[in-house]
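Hi everyone, thanks for making time for this one.

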Amino acid sequence: MVEETIRSIRETEKKADEMVRSAEERGRETAEAAKEQALSAADQIIKSAREQAAEVSEHARLAGDRAEAKALAELEKEVETLKFSALGREKEAVDLVISLLA
């Protein structure tokens, strides 16, 4: 009877050791899976951020191009106005010189 009790205790200890090893293995597997998921999520977040940054950069470039084109058109219009004004003043100056010479 004592031998049977000792054998039962040893079997129980053996089962307990197996349960501990199994739990440790599941813990390692769970930790590894969580680590892989975290790395994958981080990669996805970085990829998404890069795509958003590229999109924002492109929108900013296009807005800059539009602003530059608008400013250039306004500048060309102002240059034409100044040229027209200069031609009118040139005619006035010629008329003044002719009137002074006459």
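Let me start with a definition: here, a salt bridge is a side-chain nitrogen of Lys or Arg within 4 Å of a carboxyl oxygen of Asp or Glu. By that criterion, the structure holds five salt bridges. Please keep in mind that this is a predicted model. I'll come back to some of those pairs, but first the overall picture.

What does the secondary structure consist of? The protein chain has one helix and zero strands. Its radius of gyration is 44 Å, while the globule rule would give 13 Å for 102 residues, so the chain is more spread out than a compact globule. You can see this in the box filled by the C-alpha atoms, which comes to roughly 150 × 15 × 10 Å along the principal axes. The helix, α1, covers residues 2-101.

Now for the surface. How much of the protein chain is buried? Buried residues make up 0% of the 102 residues.

As a general point, side chains of opposite charge can pair when their charged atoms come close. Let's take R61 to begin with. R61 forms a salt bridge with E58, and the closest N and O atoms are 2.7 Å apart.

D65 counts as partly exposed, with 35% relative accessibility.

Further along, the side chains of K83 and E80 meet in a salt bridge, with 3.9 Å from N to O. For anyone thinking about cut-offs, the limit is 4 Å. K83 and E80 both lie in helix α1, three residues apart, which is about one turn of the helix. K83 is partly exposed at 48% relative accessible area, and E80 is partly exposed at 49%. Which residues do shared partners join into one network? Those are E58, R61 and D65.

L72, L75 and V79 make a nonpolar surface patch of about 250 Å². One of its members, V79, is placed in helix α1 and counts as partly exposed, at 35% relative accessibility.

To finish, here are a few distances along the helix that you can check in your own viewer. M19 is found in helix α1. Is M19 buried or exposed? At 59% relative accessibility, M19 counts as exposed. The C-alpha atoms of M19 and I9 are separated by 15 Å, and these two residues are ten apart along the chain.

A38 also has its place in helix α1, and at 47% relative accessibility A38 counts as partly exposed. Between the C-alpha atoms of A38 and R26 the separation is 18 Å, for two residues that are twelve apart along the chain.

The C-alpha atoms of K47 and K35, twelve residues apart along the chain, are separated by 18 Å.

So, to recap the predicted model: the chain has one helix and zero strands, 0% of its residues are buried, and it holds five salt bridges.

Definitions and conventions. Residues are numbered from 1 along each chain as its sequence is written. This is a predicted model: local features need pLDDT of at least 70, side-chain atom pairs count only at pLDDT 80 or more; totals for chains, interfaces and linings use all residues. Side-chain values use heavy atoms; hydrogens and water are left out. Helices (H or I, at least four residues) and strands (E, at least two) are DSSP runs, numbered from the N terminus. Buried means under 20% relative accessible area, exposed over 50%, partly exposed in between (1.4 Å probe, protein chains only). Patches are made of residues with over 30% relative accessible area and no salt bridge: like charges are joined within 9 Å, nonpolar side chains (Val, Leu, Ile, Met, Phe, Trp, Tyr) within 5 Å. Accessible areas come from the Shrake-Rupley method with a 1.4 Å probe; for residues, only the protein chains shown count as cover. The radius of gyration is taken over C-alpha atoms; the globule rule is 2.2 Å times the number of residues to the power 0.38.
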